[in-house]
Amino acid sequence: LERNLGEQPLVRLMAANDLRGRDLVEASTDRITFKMVSRACKGRRLTPNVKVKIRDALNASTGNEYAMGQLFNY
């Protein structure tokens with residue numbers, strides 16, 4: 001099972017909204033860490049629970065409603 005999946009669409013969305021990992025961590029109502037955000041951006045395979053937390057943090061920080069398919073390509 002391949003674990004390194006390359007840069008994810010999440011990185012482009014964060015750049016377009018002028019966000020950094022810190023912004024996602026601060027906007028999260030769940031407990032996410034910088035390591036989770038870093039792994040999501042690098043394309044490391046995440047658990048479904050962590051993917052939901054990352055999506056919710058991005059939605060909270062941008063005010064948009066992104067689907068999971070828009071953030072991750074796996």
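Let me start with Y74, which is partly exposed at a relative accessible area of 27%. By that I mean between the two cut-offs: buried is under 20% relative accessible area and exposed is over 50%, with a 1.4 Å probe and protein chains only. Before I go on, a word on the source: this is a predicted model, where local features need pLDDT of at least 70, side-chain atom pairs count only at pLDDT 80 or more, and totals for chains, interfaces and linings use all residues. Residues are numbered from 1 along each chain as its sequence is written, and side-chain values use heavy atoms, with hydrogens and water left out.

Back to Y74, then. What is its aromatic partner? Y74 pairs with F72 in an edge-to-face arrangement, 5.8 Å centre to centre with 65° between the planes. The rule here takes rings of Phe, Tyr and Trp (the six-membered ring for Trp) whose centres lie within 6.5 Å, and calls planes under 30 degrees apart stacked, over 60 edge-to-face and the rest tilted. The count by this rule comes to 1 aromatic pair. F72, for its part, is buried, at 3% relative accessibility.

F72 also takes us to the core. The largest nonpolar core has 17 residues, and F72 is among those with the most contacts inside it, along with L10, M14, L24, I54, L58 and L71. A nonpolar core here is a set of buried Ala, Val, Leu, Ile, Met, Phe, Trp, Tyr and Cys residues joined through side-chain atoms within 4.5 Å. Which helices supply at least two residues each? Those are α1 (9–16), α3 (34–42) and α4 (48–62), and α4 gives the most, with 4 residues. As general background, nonpolar side chains in soluble globular proteins tend to be buried together.

If you click on L71, look at its neighbours. Setting aside residues up to four places away in sequence, L71 touches Q8, P9, L10, L13, R55, L58 and Y66; contact means heavy atoms within 4.5 Å.

Now to α3, please. V37, A40 and C41 are buried in this helix. They sit on the same side of α3, because they cover an arc of only 95° around the axis, taking the directions from the helix axis to the C-beta atoms. K35 and K42, on the other side of α3, are exposed. What do the buried residues pack against? Their partners are α1, α2 and α4. Just after α3 comes G43, with a positive phi of about 95°.

V50 is 13 residues from V37 in sequence, and their C-alpha atoms are 9.2 Å apart in space. On the other helix, α2 (residues 21–27), we find R22.

Another salt bridge links D56 and R55, with the closest N and O atoms 3.1 Å apart. D56 is partly exposed at 31%, and R55 is partly exposed too, at 22%.

Then there is K53, in helix α4. K53 is buried yet has no salt bridge; D30 is the nearest side chain of opposite charge, 5.7 Å away. In that tally Lys and Arg count as positive and Asp and Glu as negative, while His and the chain ends are not counted. Beyond its neighbours within four places in sequence, K53 is in contact with D30, R31 and I32.

My last stop is D18, in the loop between α1 and α2. Is D18 buried or exposed? It is exposed, with a relative accessible area of 68%. Its phi is near 55°, a positive value in a residue other than glycine. For comparison, most residues other than glycine have a negative phi.

Thanks, everyone!

Terms used:
Salt bridge = Lys/Arg side-chain N within 4 Å of Asp/Glu carboxyl O.
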